[in-house]
Amino acid sequence: MTEEPGNKKDAKNTAPETEGDGMDQVDLGPLIKITPYLKTLPTAVGKFRRLHLEKSPDSSSPPKLPDPQLSTSLEGPFGLGPLVFPAFQRFNNIDFFTFWYFLLVTAHGAVFALVDYCLKKIDKEFSLSEKERLIMDYSDYHASFLVAVLIAHYGGRGNRSKWMAASAFILGIASIIFALIFYKYEIIKPVEKSEELCIEEQHRTMSGCRALMLPHRTECIHLFILGQYLHGITGMPLYILGVTFIFDHVPTFSAGLYLAICDAAQLLGYLLGFVISSWPPPQHGNPNEDENEIQFRKFQQNWWSGFFSVAVLSWCTFLPLLCFPCRLPGAHKLRFEKEKEPPSFDKRLKNKEYGPSLKDMVQTTKCLLKNPLLICYSLCKTTESLTFKGSMSFVPIYLQNQFLITPSVASMLTGLILIPGLAIGHFVGGLIVDRLEMSCKNKIRFTVVTSTIALVLFILILFVECETVKFAGINEDYDGSGNLGNLTAPCNEKCACPSSIYASVCGRDDTEYFSPCFAGCRASKFLHNEKAYYNCSCIKQGLTNADTEGDFVDAVSGKCSNKCHTLPLFFAFFFSSILFSNLSSIPVTITILQSAPANLNSLSLGITYTIWRIGGLENM
């Protein structure tokens, strides 16, 4: 019988394997070429037999690379189970996966911003205790800490795209829970603006406490904690399995650009959530009691509609992510090329195999924890996260005290400087790694240099300051009639001023007062689109100016000007320090992935996020 030259070559290559195991080998090459989307029983049996042989190799033979035929069999088509269409196979690539991953990470980042803003509102309206506030704020960190290593261990051995599809579905449920809080319950009561003038206590009308009580407080807190737990769980498949999936399907020197794009997605989502939550709620007049249910939903529309939009966006990514195979076409060839690269990890880990049991997971985790490079870079990611969270919390307070900016403007300026600085730093850092094709040692040097520059810029911020404006009761003692640290003085003690409402005014004596009531003002009117106050008993010095009606103005609403022009310099240093401190974010992530073998990448990232979450919980 004559054979074609191609068949002779195939028979020659497969002959040693046939003799070694004593079984008839089936040539699946033509079958895969003709019908790449059919799964038949003989093919499945052949895979099972080869898998059994792969798991029990000859101990005397040296370790080998995975069987190419077995590895390529995991490179399945794009489809939902048996529903596979040849026209859709053009989407079976890493670029299309990155697109849907980008949308899902954007949705997850938007929830971060919405939750941070909503927690501030709930804290203010519910008067949360310190314990309640910390539990509600860090419950997502606690959930991530509990499941990070488990998801990395089991998810890294399975179909990672399907894990992310499940994450998209659960993220939608978490967003619906958050939206339900603001859609079903009245959380934020619209406050009618009052002038808070100096009125003697016997002439004041006290509002009933019953109208200020908020029902369903316990239900809202429990729903919020449940949503936070689900939100924390969904982040681990995204930032562990999603990152390793992309890293396994792109060349090492191109991974920086892909990971930079994905990191920018989270910051873009945070920026979108920040804009939605900062948007002013719709204003309305005094509603009737019968229309109370409709009115509070309109007032809280920004929050529940924002969460609903995030749920829709995350569920839109569910079906496409569910259709991706365990490995994309060409993954085995790319992995073979990466294994030719010089290793950046302990050589004892190169051929280490571990099973699916919890005992194997614990042993491998202990082995990775002995890697000082992994621990060091995990701490780098932790400090990066703490820098972001600390900046969002304390920079607005610093701006209010140092530059006398209102709280809303301070929060807005902080977000507009911090979030773009983070996004640009991540993207530029990934682009530099991609274009320069840095080795592991060069990434470490790059991290040290950029971190040192960022530290110097942070120190320079401390030297940017302004002269402090006089504030009555804080650093000014009401011309000697009051005490520092006490807003009440003899000139306003009969006004019974509440300290719960902050509405600063600037007097003609260039002193700032907590509110018109604490300034002792008894009358007000609008003057040139600005509120002016008259007959203020605490303001006795300064030049007096008469308005168009001949009345002498004692104070105007707002903060006093400190004639400080160093705010642009502060933001220049702050933006530059944030930029340089985040240039190393993508190099650190890639170094973590390169500090362990390919089969331990997910677990190494899981350990990183566990350390990261421990760092967050320690700062509670």
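Mentor: Happy to, and here is a short tour by topic.
Mentor: This is a predicted model, in which local features need pLDDT of at least 70 and side-chain atom pairs count only at pLDDT 80 or more, while totals for chains, interfaces and linings use all residues. Residues are numbered from 1 along each chain as its sequence is written, and side-chain values use heavy atoms, with hydrogens and water left out.

Trainee: How many helices and strands are there in the protein?
Mentor: The protein has 21 helices and 9 strands. Helices (H or I, at least four residues) and strands (E, at least two) are DSSP runs, numbered from the N terminus.

Trainee: What share of the 620 residues is buried?
Mentor: Buried residues make up 44% of them. Buried means under 20% relative accessible area, exposed over 50%, and partly exposed in between (1.4 Å probe, protein chains only).

Trainee: Which residues have the most contacts inside the largest nonpolar core?
Mentor: Those are Phe-97, Tyr-101, Phe-182 and Phe-307, in a core of 109 residues. Helix 5 (residues 94–126) gives the most to this core, with 18 residues. A second, separate core has 22 residues, including Cys-497 and Tyr-533. A nonpolar core here is a set of buried Ala, Val, Leu, Ile, Met, Phe, Trp, Tyr and Cys residues joined through side-chain atoms within 4.5 Å.

Trainee: Switching topic, which residues are buried in helix 18?
Mentor: Cys-440, Lys-443, Phe-446, Thr-447, Thr-450, Ala-454, Leu-457 and Ile-461 are buried there. Seen down the axis of helix 18, the buried residues fall within an arc of 105° (taken from the directions from the helix axis to the C-beta atoms), so they line one face of the helix.

Trainee: And what do those buried residues of helix 18 pack against?
Mentor: They pack against helix 16 (372–402), helix 17 (407–436), helix 19 (567–582) and helix 20 (585–594). Contact means heavy atoms within 4.5 Å. On the other side of helix 18, Lys-441, Arg-445 and Leu-455 are exposed.

Trainee: How do helix 10 and helix 17 cross?
Mentor: The axes of helix 10 (residues 255–278) and helix 17 come within 7 Å and cross at roughly 170°. Axes are lines fitted to C-alpha atoms, for helices over the stretch in contact, and angles run from 0 to 180 degrees between N-to-C directions. The two helices are therefore roughly antiparallel to each other, a label for angles over 145 degrees. Residues making the contact include Gly-256 and Tyr-270 of helix 10 and Gly-415 and His-426 of helix 17.

Trainee: Where is Glu-512, and is Glu-512 buried or exposed?
Mentor: Glu-512 sits in strand 4 (residues 512–513) and is buried, with a relative accessible area of 0%. Leaving aside neighbours within four places in sequence, Glu-512 is in contact with several residues, among them Lys-470, Tyr-502 and Lys-559.

Trainee: What about the phi of Asp-510?
Mentor: Asp-510 has a positive phi of about 60° although it is not a glycine. Most residues other than glycine have a negative phi. Asp-510 is in the loop between strand 3 (505–507) and strand 4 and counts as exposed at 55% relative accessibility. Asn-535 also has a positive phi, of about 55°, and lies in the loop between strand 6 (531–534) and strand 7 (545–546).

Trainee: Last one: what does Tyr-229 touch?
Mentor: Not counting residues up to four places away in sequence, Tyr-229 touches Ser-139, His-142 and Ala-143. Tyr-229 and Ser-139 are 90 residues apart in sequence and 5.8 Å apart in space, C-alpha to C-alpha.

Methods. Parallel < 35°, antiparallel > 145°, perpendicular 65-115°, else oblique.
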